[in-house]
Amino acid sequence: MLISNEKYDVIIIGAGSIGLMTAYHFLKMGGKSVIVLEKGYLGCGSTGRCGGGIREQWGSPENIILAKKSIDIWEKLPKELEDDLEFHQGGYLILAFSEEEAETLKQNVHLQHKFGINSKILTPEEAKEIVPILNTSGIVLATYNKRDAKASPFRTLFALKKKIEEMGGKVLTHTEVIGFKVKGKEVKEVITTRGSLKANLVVNATGAWSKIIGKMLGENLPVEPYRHEIMVTERLSHLFDPMVISFSKGIYFQQMPRGEIIGGIGNPEEKPGFFIQPTSWFPYHFAKTLIEIAPALRHVRMLRHWTGYYEVTPDAKPIIDYSEVINNVIHATGFSGHGFMVSPMVGKIVAEMLLGKSPSIDIEPYSIRRFREGRIVRETGVVG
Amino acid sequence: MSLRIEDHPLLDFSDKRKKPVKFYFNDREYKGYEGEPIAVALYANGVKKLSESPVKHRSRGLFCAIGKCASCRVVVNGIPNIRACQEPVREGLKVRSSKGLEKLEIKESSPPRISRPEEIETEILIIGAGPAGAIAAIKAADMGAKVLLVDYASRIGGQLIKQTHKFFGWRKYYAGYRGIKIAKILEEEIRKRANIEVWLNSPVVGYYEGNIFAVLKDKRKIVYVKPKKVIIAPGAVERFAIFENNDLPGIMGAGGAQTLMNVWGVKPGERVLVVGSGNVGLIVSYQMAQAGIEVKAIVEALPYIGGYFVHAAKVRRLGIPILTKHTIIRAEGTESVKKAIIAEIDEKWRPIPGTEKEFIVDAIIVAVGMYPDTTLTRMMGITHKFVKELGGFVPLRKRTLETTREGVYIAGDVSCIEEASTALMEGIIAGINAAKSLGYNNPVLENEAQEAIKDLEKFRSGPRYAHIKRALENVII
Ligand SMILES: Cc1cc2nc3c(=O)[nH]c(=O)nc-3n(C[C@H](O)[C@H](O)[C@H](O)COP(=O)(O)OP(=O)(O)OC[C@H]3O[C@@H](n4cnc5c(N)ncnc54)[C@H](O)[C@@H]3O)c2cc1C
Ligand SMILES: Cc1cc2nc3c(=O)[nH]c(=O)nc-3n(C[C@H](O)[C@H](O)[C@H](O)COP(=O)(O)OP(=O)(O)OC[C@H]3O[C@@H](n4cnc5c(N)ncnc54)[C@H](O)[C@@H]3O)c2cc1C
Ligand code: FES
């Protein structure tokens, strides 16, 4: 099917969690004509490959605010989208393996409390009560927040697409944006592999690929793709509720409502670039680290192992900003491995920007300018 | 009641029944033989239901018999999700059926030590030791290459180890011998060659960056294999038929039935209905009759018999009716199949009301075709194309059988669902060309590869294969 010369108020590039949440909020707030363009199938990007973890236990105000307000929205989403999304608030248990790490986690909890988050500091024994398969040796302390959650990325994308279409929006898959027709400082047309579309406003929600879109517009976005590997096991009856993570070991794992365990570990040697193949490094390092933390899981078989990209910025914090070179483009990218959890609030903010409203939170901390001006403080709460 | 085959006109199972052992299933004691899979020992004892599905709690039992479907999950000595068709019986083993999702008994408190997988190199890795992979190994080794041949089965021969009938085709490609005999010949030839290493019971389970294959050696230990060239010969996967209650224990594919009967000497049932009259359906029916099983009928949806006339004639001579323009519409039973309901169908394949017939059976064997097993080639990023005549998605390939990825060759049913003789021809072509690309030369063998290319052309030029020959042109690059 070819498309040509149709005109939309808003064209969103990328049908991942960020693009679809934006379209959904745009329509919900009264926006009318919106189309989301996706180069592959629904879920082919990072969202469809991610771990589905959602937490407000972060180490910087920027991420805490986005995550907290996102969980407020997540709590209502299953009802709004008429799908349970496998959304479940089983908490996050964050483990500290050294005094230094314990200190950072304590500071994070302190900061979280300032924003009204009910995170707690637990002894290793208290942590074991929540996750009975935990091996407490080596654990200095843990932090826990019951409101943290998980959801199925696929269920979320499909439910969003359905809702967007019901509300009069469009989602077009297998349609890649390959260029723009720019006049002065405005995009007039978006050129795709299936023809061109006219638009008033354009959103770049292409995650790991957003730098490429930036380049097409003559703008340098500091977002690099980093391969990240993840696996799923066979199903078991309910074993433990929270997502368990360790920043120092780079590991996270959780049991989904259907019974499978999903988890990943970051490879510190990973270089930026579009390397999609799984590596032989992962299964051994993941298994070894996993059974140090939860020895009983040695009896559970890994079923599949795949990869996706973290879309990483220099400070591991997002970019939500107007383009610096083109007047009618907004970038929402650079979530550095946690864009799924914050997508509801990001979608809402971008929708507000599209509708000419002032964003309900201050977006200055998410500006592109901060990198140029050297105002960057690295997030400490990144896993993998 | 035992379903064990005691006397078979062609097969001898005594080497698999050396040491009787006792084990427990749901707290009842059963007898089996050391080394045979739990599911086989239970089936022999008439126990067909092994587990329940997690959501609807439907009965599940042995289905593929080769570790691929997970419908035989049981709990063994407290460890859940063990495939009963893969786990050998041992004295005193405590087995329990799986009821939906199972608990993990939490016993471990300190982490066990695991070691980093060993990484080895080889010149040519061949995956699958069916006729295609086995002959490829022999020819590549004769060219001078160092070969590692891996297969998850416990013997060399692929489908051949389950075929008691004599194969058709050309003498040059072992026609006239029984399948089991061809497998023996290939095995002997492989054992003679010092530059072929064979790993049986060793599935290839992963493919990683840097051309690394993960092999689960002896089904115990991951070994990373880094080959210079690869020949992929994993054969085919069975299709299944859709009808009500097609998941009841006692209903299985032809492959599962053959594994039970011809590898382990256990009958799939006493009274059986077969679905599908292609060569596989006809041969399985014949083999079951040979093993003393009553085959009630073969149902075939097409208006004609799918397989060769000779096979159909053999089956008919035994008095087994072949009902064309019929299909199975339902199976009945709770813990295992008890009845099969069939009906005649119209030109649009709809059952005609009033034509239903009932058969009292304890097994239904489904033989409705196969498709190429492209799990590995897809994982490797090789380009595929859907070609119906070849069985589904198949990898693109050169005439030398090299795929779109340099150094990766295919041979046998993975390239196109055909026969043992064509699998052998393709194995010869792939084996010799892979070795040649490593710099080995041997004019006589290279000539043999050329001959095999010509033989393939000739074989496919008969009217029966004309459609395959035409379709193949779409996948040659
Ligand atoms: C293994 C792994 C585990 C993760 N775990 C978590 C987790 O537990 N919790 C969490 O919150 N986050 C997690 N993340 C991060 C999360 O997946 C991403 O941050 C998030 O999905 C980003 O969403 P997005 O919509 O920006 O990007 P994407 O989902 O990648 O969507 C962008 C889309 O744009 C499309 N696109 C790109 N270029 C073009 C073009 N030119 N034309 C048209 N379409 C285009 C892509 O195909 C893609 O579908 C994980 C990531 C990985 C890889
Ligand atoms: C019932 C029946 C009767 C037949 N009768 C005839 C006949 O009379 N004449 C004739 O010419 N042909 C006949 N055939 C067809 C013939 O058997 C096949 O075409 C032939 O065996 C294909 O050879 P192959 O080497 O490609 O595959 P296979 O023989 O299927 O061998 C593939 C091997 O690969 C192994 N494997 C697969 N995946 C992996 C993995 N990931 N890791 C490790 N190992 C793996 C499997 O264990 C298997 O041993 C018959 C087939 C059937 C089922
Ligand atoms: S896995 Fe055991 S029967 Fe299929």
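Between domain 1 of chain A and domain 2 of chain A, six residue pairs are in polar contact, both residues at pLDDT 80 or more. A polar contact here is a pair of N or O atoms within 3.5 Å; within protein, one must be able to donate a hydrogen and the other to accept it, and residues adjacent in sequence count only if both atoms are side-chain atoms. On the side of domain 1 of chain A that touches domain 2 of chain A there are seven nonpolar, six polar and two charged residues. In this classification Ala, Val, Leu, Ile, Met, Phe, Trp, Tyr, Cys and Pro are nonpolar, Asp, Glu, Lys and Arg are charged, and the others, Gly among them, are polar.

This is a predicted model, in which local features need pLDDT of at least 70 and side-chain atom pairs count only at pLDDT 80 or more, while totals for chains, interfaces and linings use all residues. Residues are numbered from 1 along each chain as its sequence is written, chains are lettered from A and ligands numbered from 1 in the order in which they are written, and side-chain values use heavy atoms, with hydrogens and water left out.

In chain A, domain 1 comprises 3-50 + 154-222 + 315-372, and domain 2 comprises 89-148 + 224-312; such bounds come from an automatic or database domain assignment. The contact takes 15 residues from domain 1 of chain A and 13 residues from domain 2 of chain A, where contact means heavy atoms within 4.5 Å. The C-alpha centres of these two domains of chain A are 30 Å apart. Together they bury about 1100 Å², with 57% of it on carbon and sulfur atoms. Buried area is the accessible area (1.4 Å probe) that two parts lose on being put together, summed over both. One salt bridge is counted between the two domains of chain A. Lys211(A) pairs with Glu224(A) in a salt bridge, with the closest N and O atoms 2.7 Å apart. The term requires a side-chain nitrogen of Lys or Arg within 4 Å of a carboxyl oxygen of Asp or Glu.

Next comes the ligand. Around ligand 1 there are 39 residues, the closest being Glu38(A), Thr47(A), Glu311(A), Gly339(A) and Met341(A); a residue counts if one of its heavy atoms lies within 4 Å. Gly339(A) places a backbone N or O atom 2.7 Å from an oxygen atom of ligand 1. A polar backbone atom of Gly53(A) is 2.8 Å from an oxygen atom of the ligand, and a backbone N or O atom of Gly51(A) is 3.0 Å from a nitrogen atom of ligand 1. Of the 1000 Å² of accessible area that ligand 1 has on its own, the protein covers 98%, by the Shrake-Rupley method with a 1.4 Å probe.

Chain B is assigned domain 1 (14-99) and domain 2 (118-237 + 371-472). Four residues of domain 1 of chain B are in contact with four residues of domain 2 of chain B. The area buried between them is about 390 Å², and carbon and sulfur atoms give 34% of it. Within domain 1 of chain B, Ile66(B), Lys68(B) and Gln86(B) lose the most area to domain 2, together 79% of what that side buries. Lys68(B) also forms a salt bridge with Asp373(B), the closest N and O atoms being 3.2 Å apart.

Finally, the two chains meet through 27 residues of chain B and 30 residues of chain A. They bury about 2500 Å² between them, 61% of it on carbon and sulfur atoms. One salt bridge is found across this interface; Arg227(A) and Glu209(B) form a salt bridge at 2.8 Å, N to O.
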